[in-house]
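Have a look at the fold before reading on.

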Amino acid sequence: MLENALNLLYSEYERCLSIVKNSDFHIRYAEEKIHHSLQVLGAGNYIIKHEKWFQKQNEDFIDMVKTAVLLHDVARFEEIIGLWSKTPRIDHGVV
């Protein structure tokens with residue numbers, strides 16, 4: 001599950017870059033968001049490792065938690081495309 005989520009995250013990131021490729025601002029924004037998502041996964045991994053409650057959970061549950069943490073901002077790339085095209089389509093927080 002986590003590997004599929006990582007593939008989805010990078011796919012959305014690359015799709016976004018291909019659309020906003022002529023805007024340094026939007027490219028940097030997308031780069032910041034991919035780094036942010038990976039950093040949040042790192043923070044989630046730390047919490048999972050150090051919180052005793054997580055140590056009692058099964059592997060499938062932990063994989064689901066990591067997947068949710070990684071994808072928490074995946075809709076941000078669509079939001080960046082909307083900002084670039086000046087036709088906001090979504091609010092990533094709602095998604």
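A helix here is a DSSP run of H or I with at least four residues, and helices are numbered from the N terminus. Bear in mind that this is a predicted model.

Let's start with helix 2, which covers residues 24-50. This helix has 27 residues and spans 39 Å from its first C-alpha to its last, close to the 39 Å expected at 1.5 Å a residue. Its buried residues are His26, Ile27, Tyr29, Ala30, Lys33, Ile34, Ser37, Leu41, Gly44 and Ile48. And what covers them? The cover includes helix 1 (2-19), helix 3 (52-55), helix 4 (59-70) and helix 5 (76-85).

Now for the rings. Searching the whole structure turns up five aromatic pairs. To describe a pair of aromatic rings, you give the distance of the centres and the angle of the planes. Here are two of the pairs:

| Pair | Centre to centre | Angle between planes | Geometry |
|---|---|---|---|
| Tyrosine 10 and tyrosine 13 | 6.4 Å | 80° | edge-to-face |
| Phenylalanine 25 and tyrosine 29 | 6.0 Å | 50° | tilted |

Tyrosine 10 and tyrosine 13 both sit in helix 1, three residues apart, or about one turn of the helix. Phenylalanine 25 and tyrosine 29 are four residues apart in helix 2, again about one helical turn.

How exposed are the tyrosines? Tyrosine 10 has a relative accessible area of 32%, so it's partly exposed. Tyrosine 13 comes in at 13% and is buried. Tyrosine 29, at 17% relative accessibility, counts as buried because the cut-off is under 20%. There's also a ring cluster, in which ring pairs link Tyr10, Tyr13 and Phe77.

Leucine 38 belongs to helix 2, and its relative accessible area of 30% makes leucine 38 partly exposed.

Lysine 86 lies in the segment after helix 5. With 73% relative accessibility, lysine 86 counts as exposed, because exposed means over 50%.

How values were computed. Residues are numbered from 1 along each chain as its sequence is written. This is a predicted model: local features need pLDDT of at least 70, side-chain atom pairs count only at pLDDT 80 or more; totals for chains, interfaces and linings use all residues. Side-chain values use heavy atoms; hydrogens and water are left out. Helices (H or I, at least four residues) and strands (E, at least two) are DSSP runs, numbered from the N terminus. The expected span of a helix is 1.5 Å times one less than its number of residues. Buried means under 20% relative accessible area, exposed over 50%, partly exposed in between (1.4 Å probe, protein chains only). Contact means heavy atoms within 4.5 Å. Rings of Phe, Tyr and Trp (its six-membered ring) pair if their centres lie within 6.5 Å; planes under 30 degrees apart count as stacked, over 60 as edge-to-face and the rest as tilted.
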